[in-house]
Amino acid sequence: MASQPHSLSYVGCNFLRQRLVLSTLSGRPVKIRRIRAKDDNPGLRDFEANFIRLIDKITNGSRIEINQTGTTLYYQPGLLYGGSLEHDCSPNRSIGYYLESLLCLAPFMKHSLRIILRGVTNDQVDPSVDVLKATALPLLKRFGIDGEELELKITRRGMPPKGGGEVIFTCPVKKAVKPVQFTDPGKIKRIRGVAYSVRVSPQIANRIVDSARNILNKFLPDIYIYTDHMKGTSSGKSPGFGLSLVAETTNGVFLSAELASNPQGEGVAVLPEDLGTNCAKLLLEEIYRGGCVDSTNQSLVLLLMTLGQQDVSKVLLGTLSPYTIEFLRHLRSYFQIMFKIEVKPSDEERKGGEKVLMTCVGTGFSNLSKTVK
């Protein structure tokens, strides 16, 4: 598979972010060939080129070579530098697409990261900023990445197709990640959510909340869904609405689900009531799947376990998503690390779907670029 001992070689456009993120952390160059070679419009898409520019911004001394058609990419990672940055994301994907990778890289930079990202904050493809704020940040804290600096703030919302949203993400740097034993999810104690509406009637958010509560109130009483109606300049450039829900358990596990309306001018108009009902059902499905980490953040938790100190980490997950399974293969290629995977069948009716216990010994990754004070 590898053309020379240090460099890794891949074919196709799948899992581009995973490959570049792991390459940056492990210091191994990567070459990706035949990116959409047989497509009518071959090569890297706008949002992928935009992502590569972001990686270039946060690192120092990276070498990036792309051929004329954009079908071959060679990336030799530099040092993660961080600092204070701004980046305009491609409106084809939401800010969540870029944030997911920044969450993996930010703790291991030389200077703590403060970045302003502009673009689409909520869409139907990527995890929204609301969900990442509610689920990924508590996860980082478990691994010892915390402090007042760890913050994700939404200053403006932007819906597709035109975007216009803005978020500020700050993250402190850490020398090393501590191992975790995270195997008991606990019981659901409360559900929180945000129903947002931009450039549409504020009444729509209330209709979403009512329909979601109709379903969730049968499950448990402690439910609070905030309505977030942005007006004027803070509402971005396109109309839209949506809902993100997060269930919290007695042991501090956060499980999330979300839905957004169709972009302006695309597809059928969605009724706020339907959106609220469907989002509530998605959350119940996520709760049934269970585990200590929701399906959005499975790859983040596995990466942090891999980079932990040389000690055993255990995390109980719900069913692994196809994205996570590919991520495990990549972890093996880049860090030569294998996870022990034990399937835990659900004994009781009330415990939901079958769970997977992931165990590994961390690689003892140390942040070499962090300045010594």
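Analyst: Start with a term: a residue is called buried when its relative accessible area is under 20%. This is a predicted model. By that cut-off, Asp 228 and Arg 157 are both buried. The two form a salt bridge, with their closest N and O atoms 2.9 Å apart. Asp 228 sits in strand β13 (residues 223–230), while Arg 157 sits in the loop between β9 and β10, so the pair ties together parts that are 71 residues apart in sequence.

Arg 157 has another partner, Asp 130. Here the closest N and O atoms are 2.8 Å apart. Asp 130 is buried too. Asp 130 belongs to helix α4 (residues 129–142) and Arg 157 to the loop between β9 (151–156) and β10 (165–171), so this bridge ties together parts that are 27 residues apart in sequence. Why can such pairs form? Side chains of opposite charge can pair when their charged atoms come close.

Arg 329 forms a salt bridge with Glu 326, the closest N and O atoms being 2.9 Å apart. Both lie in helix α8 (residues 322–335), 3 residues apart, or about one turn of the helix. Glu 326 counts as buried, at 17% relative accessibility. Arg 329 is partly exposed, at 46%.

Some bridges share partners. Glu 86, Asp 88, Arg 118, Arg 156 and Glu 166 are joined that way into one network. The count for the model comes to 20 salt bridges.

How values were computed. Residues are numbered from 1 along each chain as its sequence is written. This is a predicted model: local features need pLDDT of at least 70, side-chain atom pairs count only at pLDDT 80 or more; totals for chains, interfaces and linings use all residues. Side-chain values use heavy atoms; hydrogens and water are left out. A salt bridge is a side-chain nitrogen of Lys or Arg within 4 Å of a carboxyl oxygen of Asp or Glu. Helices (H or I, at least four residues) and strands (E, at least two) are DSSP runs, numbered from the N terminus. Buried means under 20% relative accessible area, exposed over 50%, partly exposed in between (1.4 Å probe, protein chains only).
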